[in-house]
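Try each task before reading its solution.

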Amino acid sequence: MNAPKAKKIEKILEIHGDQRIDNYFWMNERENPEVTQYLEEENAYCDFVMKDTENFQQELFDEMKSRYKEDDQSLPYFFNEYWYIVRFEIGKEYPIFSRKFQTLEQEEEILLDVNILAEGQKFFEVGSVAVSPNNKLMTFSTDNMGRRIYNIQFKNLETGEILQDQIANTTGKAVWANDNEHIFYIRKDKNLRAFQVFMHQLGTDSSQDVLVFHEEDDTFDVNIFKSKSLEYIFISSSSTISDEQRFIPADDVLAEWKIVQPRMDDLEYSVEHFEDEFYIITNADLATNFKIVKTKVATPEMKNWEDVIPHRKDVLLEGFEIFRNYLVLEERKEGLLQIKIIDNQTNTSHYLPFSDPTYTAYIGLNLEFDTEKLRYGYTSLTKPNSTFEYNMKEKTTELLKQQEVLGGKFLPENYVSERIWAPSRDGKSKVPISLVYHKDTKKSAETPLLLYGYGSYGHTVDASFSNVRLSILDRGFIYGIAHIRGGEYLGREWYEDGKMLKKKNTFFDFIDAAKFLVEENYTSSKHLYAMGGSAGGLLVGAVINYEPNLFNGVVAQVPFVDVVTTMLDEEIPLTTGEFDEWGNPKKKKYYEYVKSYSPYDNVEAKNYPNILITTGLHDSQVQYWEPAKWTAKLRELKTDQNILVFKTDMSSGHGGASGRFESLKEDALEYAFLMKLENKL
């Protein structure tokens, strides 16, 4: 079977006196049957090329699935007289939301069985579930397209009746006012930007809903939430570099919305409430790595902010949790997350002890103020996800729940994790790399190594456990995460040094990390593989243009690869909010810089590594046509005989297939691709 050959229709794109010719621009016509035909031809070709791995894919899928406890359930949490639990049943793909009154010994009340709702649907996802303050009503939101556009519905929990109220085209989140009659929710515009907050009164048609806030600036989107105290409802407007928070008492839906601090360029802040004060985490006053301030609710403006936790140059403050007698901080120092407990009564502090060389720790769900118990989570590359309860007064720890790894083969001591540092080419810093491998795997030029990266939006990919990953570790792979610039692994400056006109640092860090692994004899280019998704797909796409011979294979998941065209089209979802990340190419200096690294614009007639590209037809974040066009252009220009396959899930979006286990088929395809290249089927 020959590889598909997409037709070419010349499209000249011109700006700043510069012309780009895009022969595959026509692929953005979603309703064009020729587009569908091309995607289906690519799917058929992928199946053909990977046919010799079909049995192995099934073996991997069964193996991955067998490690999961099918009848698993979440750790119960107590809130407003009820214990809440999310559980799964054997043979079913979707969760069941339930609760028990007062004690866990009480009879279970099923709030929502998603398996029933999802019957007959190719894709189905519940966005959120929210119970009213009086515990008698509930909202739930659903998406059956994968576009992250949710329909909100209401359920009477006393009768089990689904009410007539329905609200379409929302973000899925609903916040109840304390009167049990009104909810606040967010609508999306045609570009899927969250931009309007509405108030809905139960029993009325959604056409009568009241618009309470409209975000006019298309570089901002909005969110809504209720304070931990349940006393205030907040609307948060945020861009990449600026925030503005407004609030009303949750008891008074008709109150005038008051702004905490009007938006300013480069001022970021978020708010929590305790007693008569707001606690605010912010980068105000050049606090690059953030600090915590407080102010009276009556006088919330920045001029009244008082430092509680000052800015520290060597510590990134990522979050906090307030208790009556304690303040708990999430800090990142030298790349590693730490949890600091501050006793407000004794004015003393201490850190929770963590011993792995690389790991993830985070503050868990803590809904009560008046308690000495802190729930926190911990995981590492060798230790499954665990939730602990820590007594902040007694300094004792209890394990509440640990992710079970079934199948009888997993023992943490059989795996080794380490963290190494690769020199960067600019000499300014070293790039941290987290690694994990089976203890029997020897480092050598013949050892396969999969290097993962992301490096955008300040998002840090921490070292965490993966049930799925065991399937390649047990087959001799080393797995690595390159903590490159563009994330915040080494603080806020690590992010700032990998965005806008410094974006290439992200790509060069990944390349330098990969070359260091080869130099240190962990692997060789013949056995080195790269993986990245979304903006991480941009990363691997750019990297193989710069260094096409460095990797034997690349997996690009829902890759953002047509950066210039997308960022010039404000009709595409999420574009306007991205200007502070990549730069606005309507300005010449950003256009020239982005064009110089955009993967699609820089495909050339040369050899490329083996490549697997994946996407979802209904992806709302990276449109399907970006990887489709990239595939077509690579097919046209590449001069090698290496594998290039492109798989489109015709029923899913950015997050892949719905259902608990269906997404494992995607993992099985990716791992089978790597094993095929290693001749390890």
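Throughout, buried means under 20% relative accessible area, exposed over 50%, and partly exposed in between (1.4 Å probe, protein chains only). You are looking at a predicted model, where local features need pLDDT of at least 70, side-chain atom pairs count only at pLDDT 80 or more, and totals for chains, interfaces and linings use all residues. Residues are numbered from 1 along each chain as its sequence is written, and side-chain values use heavy atoms, leaving out hydrogens and water.

**Exercise 1. Find Lys 395 and decide: is it buried or exposed?**

Step 1. Lys 395 sits in the loop between E28 and E29; strands (E, at least two residues) are DSSP runs, numbered from the N terminus, as are helices (H or I, at least four).

Step 2. The relative accessible area of Lys 395 is 53%, so this residue is exposed.

Step 3. Now look at the backbone. Most residues other than glycine have a negative phi. Lys 395, although not a glycine, has a positive phi of about 60 degrees.

Step 4. For a second case, go to Asp 285, in the loop between strand E19 (277-282) and strand E20 (291-296). Asp 285 also has a positive phi of about 60 degrees, and counts as exposed because its relative accessibility is 64%.

**Exercise 2. Which residues have the most contacts inside the largest nonpolar core?**

Step 1. A nonpolar core is a set of buried Ala, Val, Leu, Ile, Met, Phe, Trp, Tyr and Cys residues joined through side-chain atoms within 4.5 Å.

Step 2. The largest has 68 residues, and Met 27, Phe 510, Phe 551 and Trp 630 have the most contacts inside it. Helix H6 (residues 504-519) gives the most to this core, namely eight residues.

Step 3. Apart from this core lies another of 40 residues, including Phe 56 and Met 675.
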